[in-house]
Amino acid sequence: MGGERLIGFLLVEDEEGVKNKLMNNVSWSEHGFGPVLGAGNGREALALLEHHPIEIMVTDIQMPVMNGIELIKKIKKREYRMKIIVISGYAEFEYARESINLAVSEYLLKPFATKRLLGVALRLQEEIRKERAEEHELQTLRQQITNNLSALKEKFLTDLLHRKVATTEIGSKLRFFGLAEYEDRNYQVVVMERHAEQGNSVSAEDKYVSTLQFFRQAERLLAAAVYPSLLLNYDHHQLVAIFFDPDQDPGEDLRQYLEEYLQKLNLYFNLPFTFGMSNCYRGLQDLSVAYREAEV
């Protein structure tokens with residue numbers, strides 16, 4: 001079967017002769033089913049479901065101990081994910097109608113040939129494989145988002161700087177990136193520039209490494225700050241920092257803090273740094289305005 005995972009199959013039928021015929025007249029394993037199990041009533045079926053992965057269940061309606069309708073209801077309550085095929089006789093029409101209300105996948109009327117059941121099971125098998133493929137693709141996409149979350153967050157902040165995010169979308173995107181705490185707080189934008197020495201020619205690779213060093217060192221220094229902040233690696237010579245609650249402590253002065261901060265960067269890189277600072281704003285819909293102020 002091309003290495004594909006087998007589809008668990010369970011037949012629930014109290015008539016032993018019917019059960020044996022349906023299980024043995026076809027080589028279910030050769031058609032990609034496994035494990036292939038049988039039960040004589042709903043209670044036995046539930047016991048098997050606790051220990052075996054079943055994705056297609058065929059159940060009679062009229063059975064002792066626990067009938068098919070009761071079994072299906074318990075399966076739905078326990079949130080087992082499977083396709084269900086109901087089999088019944090002419091006299092069980094009302095039960096059949098109730099099973100349809102329980103969203104079963106197929107209904108077969110007795111008597112029927114085993115090949116008829118196989119055909120239905122193969123169709124459901126194909127549905128399951130398509131669903132598996134879609135789930136796998138979705139998981140892959142989710143993993144890609146998780147792996148690239150940092151880059152996506154930086155793009156979102158960059159788009160905010162350039163007013164490329166609709167005001168109505170800002171709140172939901174802040175929540176998506178785990179930044180909801182910054183949605184409604186005072187802030188100031190600070191643009192920090194690193195000035196390279198004149199005539200200093202560096203390769204593109206060295207420039208990229210230097211940019212990362214600039215960002216990492218700035219990030220480490222900001223981690224010790226009294227101000228909550230977001231740091232954006234905007235350009236190879238420019239960092240953009242958003243400082244929140246800049247007026248939270250009358251004894252602290254953001255400008256004085258930044259001057260001390262830049263002195264540490266000067267010492268680390270042995271290059272001159274300057275900064276520009278915006279006025280105080282509230283609401284990140286004005287981030288682009290604050291950025292333009294700080295950049296001047």
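Entry 1. First thing to jot down: I'm working from a predicted model.

Entry 2. I looked up cis peptide bonds. One joins Gly 34 and Pro 35, with omega at about -5°. I traced Pro 35 to strand E2, which covers residues 33–39. Another cis bond joins Lys 110 and Pro 111, again with omega of about -5°. Pro 111 sits in a loop, with strand E5 (106–109) on one side and helix H5 (114–147) on the other.

Entry 3. Next I went for positive phi values outside glycine. Val 65 has one, near 70°. I found Val 65 in the loop between E3 and H3. Buried or exposed, I wondered about Val 65? Its relative accessible area is 54%, so I put Val 65 down as exposed, the cut-off being over 50%.

Entry 4. Glu 79 also has a positive phi, about 60°, and it isn't a glycine either. I placed Glu 79 in the loop that runs between H3 and strand E4 (83–88). Glu 79 counts as exposed because its relative accessibility is 67%.

Entry 5. Back to the loop between strand E3 (56–60) and helix H3 (68–77), where I checked Asn 67. Asn 67 comes out at 13% relative accessibility, so I noted it as buried; buried means under 20%. What does the side chain of Asn 67 have a polar atom close to, at 2.8 Å? I found the backbone nitrogen of Glu 70 at that distance.

Notes:
Residues are numbered from 1 along each chain as its sequence is written. This is a predicted model: local features need pLDDT of at least 70, side-chain atom pairs count only at pLDDT 80 or more; totals for chains, interfaces and linings use all residues. Side-chain values use heavy atoms; hydrogens and water are left out. Helices (H or I, at least four residues) and strands (E, at least two) are DSSP runs, numbered from the N terminus. Buried means under 20% relative accessible area, exposed over 50%, partly exposed in between (1.4 Å probe, protein chains only). A polar contact is a pair of N or O atoms within 3.5 Å; within protein, one must be able to donate a hydrogen and the other to accept it, and residues adjacent in sequence count only if both atoms are side-chain atoms.
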